[in-house]
Amino acid sequence: MQDIKKHAEDRMKKSIDALKDDFNLLRTGRASAALFDKIRVDYYGTPTPLNQLANISVPEARLIVIQPFDRNAAGDIEKAILSSELGLNPGNDGKVIRISIPPLNEERRKDLAKQAKSIAENARVAIRNIRRDINDQIKNSELSEDEQKRVTADIQKLTDSYIEKIGEMLKAKEQEIMEV
């Protein structure tokens, strides 16, 4: 029985971690090194994560500086950023790549807020699917009826707490997106 609860909590934590990753990919008006987590650079024919090829720093709120470990990779890094869906224009001086993060207009902010809501809703659905799977396991287990009801109630409390966490994360992300 404890194994069932632990398994449910582990799966729900993974859903929260995935939500954090998805939220990090949403570009707000603020510079963040996490924007580049999913970017792969064609480095000598091998798709390589950008953070393995360069040091990414955020010296100012609207500036990102990427310093390649190998200067020859600067052009490839620039191409990868331009071809990404971030809509950023890197400036390459041969040694470092500077990216200025433009402020978001009101329409883009609203669009990003909608995307954040959609991502959060997908996370809620994932949590509810985990609850359903676990409840099915409980029904098919050899636990007594009273024990099944108790464990099901515990799983529901766990689900509610994770749904609430998602709501808090969404609220924080929306505030970050909407700030000027």
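**Figure 1. Packing of helix α3 against helix α4 in the predicted model.** Helices α3 (residues 106–139) and α4 (residues 145–178) meet at an angle of about 170°, and their axes lie 10 Å apart. The two helices are therefore roughly antiparallel to each other, since an angle over 145 degrees counts as such. Sorted by residue type, the contact of α3 with α4 holds 16 nonpolar, 6 polar and 10 charged residues.

**Figure 2. Helix α4 and its buried residues.** With 34 residues, α4 reaches 49 Å from its first C-alpha to its last, close to the 50 Å expected at 1.5 Å a residue. Its buried residues are Gln148, Val151, Ile155, Leu158, Thr159, Tyr162, Ile166, Met169, Leu170, Lys173 and Ile177. These residues pack against α1 and α3. An α-helix has 3.6 residues a turn, so residues three or four places apart point the same way.

**Figure 3. Helix α1 and what covers it.** Helix α1 (residues 2–25) consists of 24 residues. From first C-alpha to last, α1 reaches 35 Å, close to the 34 Å expected at 1.5 Å a residue. Buried in α1 are Ile4, Lys5, Ala8, Met12, Ser15, Ile16, Leu19 and Phe23. The cover over these buried residues includes α3 and α4.

**Figure 4. Contact of helix α1 with helix α4.** The two helices pack at an angle of about 10°, with 11 Å between their axes. That angle makes α1 roughly parallel to α4. The contact residues of α1 are Lys5, Ala8, Glu9, Met12, Lys13, Ile16, Leu19, Lys20 and Phe23. On the α4 side they meet Arg150, Asp154, Ile155, Leu158, Thr159, Tyr162, Lys165, Ile166, Met169, Leu170 and Lys173. By type, the residues of this contact divide into 11 nonpolar, 1 polar and 8 charged.

**Figure 5. The four-stranded sheet and helix α2.** An open sheet is formed by 4 strands in the order β3-β4-β6-β5, with antiparallel pairing. The edges are held by β3 (54–60) and β5 (90–92); each has a single partner strand, so one side of each is left without a neighbour in the sheet. On average, and with direction ignored, neighbouring strands of this sheet are turned by 25° against each other. Helix α2 (residues 74–83) packs on the sheet and touches β3, β4, β5 and β6 (97–100). The direction of α2 makes about 165° with that of β5.

**Figure 6. Pairing of strands β3 and β4.** Strand β3 is joined to β4 (residues 63–68) by 5 bridges, and the two run antiparallel. Within this pair, Asn55 stands opposite Gln67 in β4. Strands of a sheet pair through backbone hydrogen bonds, either parallel or antiparallel.

**Figure 7. The hairpin of strands β1 and β2.** Strands β1 (residues 40–43) and β2 (residues 46–49) run antiparallel and are joined by 4 bridges. Asp42 has Pro47 in β2 as its bridge partner, and Val41 has Thr48 in β2. The hairpin has 2 residues between the strands, and Tyr44 takes a positive phi near 50° there.

Note on methods:
Residues are numbered from 1 along each chain as its sequence is written. This is a predicted model: local features need pLDDT of at least 70, side-chain atom pairs count only at pLDDT 80 or more; totals for chains, interfaces and linings use all residues. Side-chain values use heavy atoms; hydrogens and water are left out. Two strands pair if DSSP finds at least two bridges between them. Axes are lines fitted to C-alpha atoms, for helices over the stretch in contact, and angles run from 0 to 180 degrees between N-to-C directions. Contact means heavy atoms within 4.5 Å. Angles under 35 degrees count as roughly parallel, over 145 as roughly antiparallel, 65 to 115 as roughly perpendicular and the rest as oblique. Ala, Val, Leu, Ile, Met, Phe, Trp, Tyr, Cys and Pro count as nonpolar, Asp, Glu, Lys and Arg as charged, and the others, Gly among them, as polar. The expected span of a helix is 1.5 Å times one less than its number of residues. Buried means under 20% relative accessible area, exposed over 50%, partly exposed in between (1.4 Å probe, protein chains only).
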